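Colleague: I have a model open and would like to learn how to read its features one at a time. Could you take me through some of them?

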Amino acid sequence: MRATGLSTAGLGIALGLALLAGAASAQTAPPTRDDIVGKLNHFEQAAEIDIPALKQQVMERAKARIKNDPGPVNRPLIVSDLANLPTFTAQIQFDADTPIIQPASYQAVGRIADALVHASLLPYTFLIVGRVESNSKTREANAILSQRRADAIRDVLVNTFKISTKRLHPIGLGEEQFLDRARPTSAVNGQLQILTFAKLPEEEPARPAAAPAPATKKPAKKR
């Protein structure tokens, strides 16, 4: 009876470990192309966001030494319109304090590229939004790092997967807009987001080349 009890207990432990391993694997598995397309193909209306102005605003706010800064938990959103855009959130791993993408995330970036060339998403442009969780670095350093990471994702999509650069707009928000405001130091706040931003402008049809003007005949010389 004792041996049977130990055997049963051992089987239970093995089964529990197998279930935990399976759950961990499911959590870290890269998203499928269809998962990403499903998140991004519900575009309704473009957000009124001036991207160059937003980049400047992020840096100015990150640099500012505001005497009455409410702190990371209560800091106001810097661009609330993002909440109205179709969004896919990805856990892209970077080397510490750098924009270098770790090999474990290559497949996830490839799936993003596959999604962006899906027929239902080809008419759109996208924001690549980088963020950084609150840490020992300054807000300015984190704003710069988040922009560099967004730029790195854009560069891989353009240079490796040949996505048109006109369709991609990288922006780093640093600590200026947390995904989880209640937990500013949570790793969730370091996640990357892809957002459907706007429709590509329709190209004007090429105009046919003008027909060459007929040659004028010179009057005959009198003899």
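Colleague: Where is the place of D97?

Modeller: D97 sits in the loop between β1 (87-90) and α4 (106-116); helices (H or I, at least four residues) and strands (E, at least two) are DSSP runs, numbered from the N terminus. Before we go on, note that this is a predicted model, in which local features need pLDDT of at least 70, side-chain atom pairs count only at pLDDT 80 or more, and totals for chains, interfaces and linings use all residues. Residues are numbered from 1 along each chain as its sequence is written, and side-chain values use heavy atoms, with hydrogens and water left out.

Colleague: How do I read phi here?

Modeller: Most residues other than glycine have a negative phi. The phi of D97 is positive, near 60°, and K162, in the loop between α5 and β3, also has a positive phi, of about 60°.

Colleague: Is K162 buried or exposed?

Modeller: Buried means under 20% relative accessible area, exposed over 50%, and partly exposed in between (1.4 Å probe, protein chains only). K162 counts as exposed, at 64% relative accessibility, whereas D97 is partly exposed at 45%.

Colleague: And which residues of α3 are buried?

Modeller: In α3 they are I51, L54, V58, R61 and A62. These residues lie on the same side of α3 because they cover an arc of only 100° around the axis, taken from the directions from the helix axis to the C-beta atoms. Their cover includes β2 (124-131), α5 (139-159), β3 (168-174) and β4 (192-199).

Colleague: What is A47 in contact with, leaving aside its neighbours within four places in sequence?

Modeller: Contact means heavy atoms within 4.5 Å. By that rule A47, in the loop between α2 (33-40) and α3, touches D81, L85 and F197. A47 and F197 are 150 residues apart in sequence, yet 6.7 Å apart in space, C-alpha to C-alpha. A47 is buried, at 14% relative accessible area.

Colleague: How is empty space found?

Modeller: Rolling a probe the size of a water molecule over the atoms shows where empty space is left. On a 1 Å grid over the protein atoms alone, with a 1.4 Å probe, a pocket is an open set of points with protein on both sides within 12 Å along at least five of seven lines, and lining residues have an atom within 4 Å of a point. The second largest pocket holds about 220 Å³, the space filled by probe spheres set on the points, which are joined across faces, edges and corners. Of its 14 lining residues, Q91, F94, E133, R149 and G190 are the closest to its centre.
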